[in-house]
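Dear colleague,

Please read them with the coordinates open beside you.

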Amino acid sequence: SVVSAFLFLYSTDHSGKRVDSGDLTSIKGALFEQPRIQKIYSKADGWETTLPIKLRENSELNFEIEGGDAFNSTAYQSYLKDVRQGDTVTLSVLTKSYEHSVKPKLAPYNKIFPRQIAVYGLNFKHKQYFNLDDYNKKVISKDNHPILYVTGIFAFVLFINSIWYIALARK
């Protein structure tokens with residue numbers, strides 16, 4: 001029951017969270033390579049389509065519009081048609097992630113192990129292909145795993161029941 005309670009708390013704490021515009025920083029740079037979509041496989045999510053973005057100015061970092069809801073909120077077909085290698089785009093990324101990735105002490109490691117930085121906004125020539133509002137709408141509209149809430153409540157009831165049972169056994 002303790003494991004179930006932990007899973008419940010972990011899932012509600014680490015599920016897709018709403019991102020505030022104050023948490024973002026804008027990065028402007030020229031595309032290092034031709035825009036493309038990429039299919040990746042993970043054991044947890046299966047096949048996902050992502051939109052990788054590499055900038056000349058930060059070639060050791062991998063910016064990415066992650067698969068699932070974020071990718072589906074992107075006007076990726078227009079982006080692939082409109083934007084070419086060398087064009088200057090503006091990305092919105094989490095300030096903490098970006099600052100952590102560009103720390104001088106990490107620079108040698110970034111070339112060996114490129115860091116993935118999630119993108120929450122993508123603009124080119126005053127056209128928005130992906131923005132924070134679209135991302136947040138998808139996160140908010142998602143049902144927050146009702147089965148986990150039921151499991152959490154069940155785990156809590158079992159925990160209380162075991163405390164009650166122990167108290168009775170000591171009498």
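Arginine 36 counts as partly exposed, because its relative accessibility is 36%, and please bear in mind throughout that this is a predicted model. Its salt-bridge partner is glutamate 33, with the closest N and O atoms 3.6 Å apart; glutamate 33 is likewise partly exposed, since its relative accessible area is 25%.

A search of the whole structure finds two salt bridges, and the other one joins aspartate 82 to lysine 127, where the closest N and O atoms are 3.2 Å apart. This pair links distant parts of the chain, as aspartate 82 sits in helix H3 (residues 76-82) and lysine 127 in strand E7 (residues 127-130), 45 residues apart. Aspartate 82 has a relative accessible area of 28% and is therefore partly exposed, and lysine 127, with a value of 36%, is therefore partly exposed too.

What the side chain of glutamate 64 does make is a polar contact with the side chain of threonine 50, at 3.4 Å. Setting aside neighbours within four places in sequence, glutamate 64 is in contact with Thr50, Leu51 and Pro52, and also with Gln116, Ile117, Ala118 and Val119.

As for the chain as a whole, it contains seven helices and seven strands, which follow one another from the N terminus in the order α-β-β-β-β-α-α-β-α-α-β-β-α-α. Of its 171 residues, 33% count as buried, and among contacts between residues at least 6 apart in sequence, 71% join residues that are at least 24 apart. The accessible surface of the chain comes to about 11400 Å², and 57% of this belongs to carbon and sulfur atoms.

On that surface there is a nonpolar patch formed by Phe156, Phe159, Ile160 and Ile163, which together have about 380 Å² of accessible area. Phenylalanine 156 lies in helix H7 (residues 146-170), and it counts as exposed because its relative accessible area is 52%, where the cut-off for exposed is over 50%.

With kind regards

Methods: Residues are numbered from 1 along each chain as its sequence is written. This is a predicted model: local features need pLDDT of at least 70, side-chain atom pairs count only at pLDDT 80 or more; totals for chains, interfaces and linings use all residues. Side-chain values use heavy atoms; hydrogens and water are left out. Patches are made of residues with over 30% relative accessible area and no salt bridge: like charges are joined within 9 Å, nonpolar side chains (Val, Leu, Ile, Met, Phe, Trp, Tyr) within 5 Å. Accessible areas come from the Shrake-Rupley method with a 1.4 Å probe; for residues, only the protein chains shown count as cover. A salt bridge is a side-chain nitrogen of Lys or Arg within 4 Å of a carboxyl oxygen of Asp or Glu. Helices (H or I, at least four residues) and strands (E, at least two) are DSSP runs, numbered from the N terminus. Buried means under 20% relative accessible area, exposed over 50%, partly exposed in between (1.4 Å probe, protein chains only). Contact means heavy atoms within 4.5 Å. A polar contact is a pair of N or O atoms within 3.5 Å; within protein, one must be able to donate a hydrogen and the other to accept it, and residues adjacent in sequence count only if both atoms are side-chain atoms.
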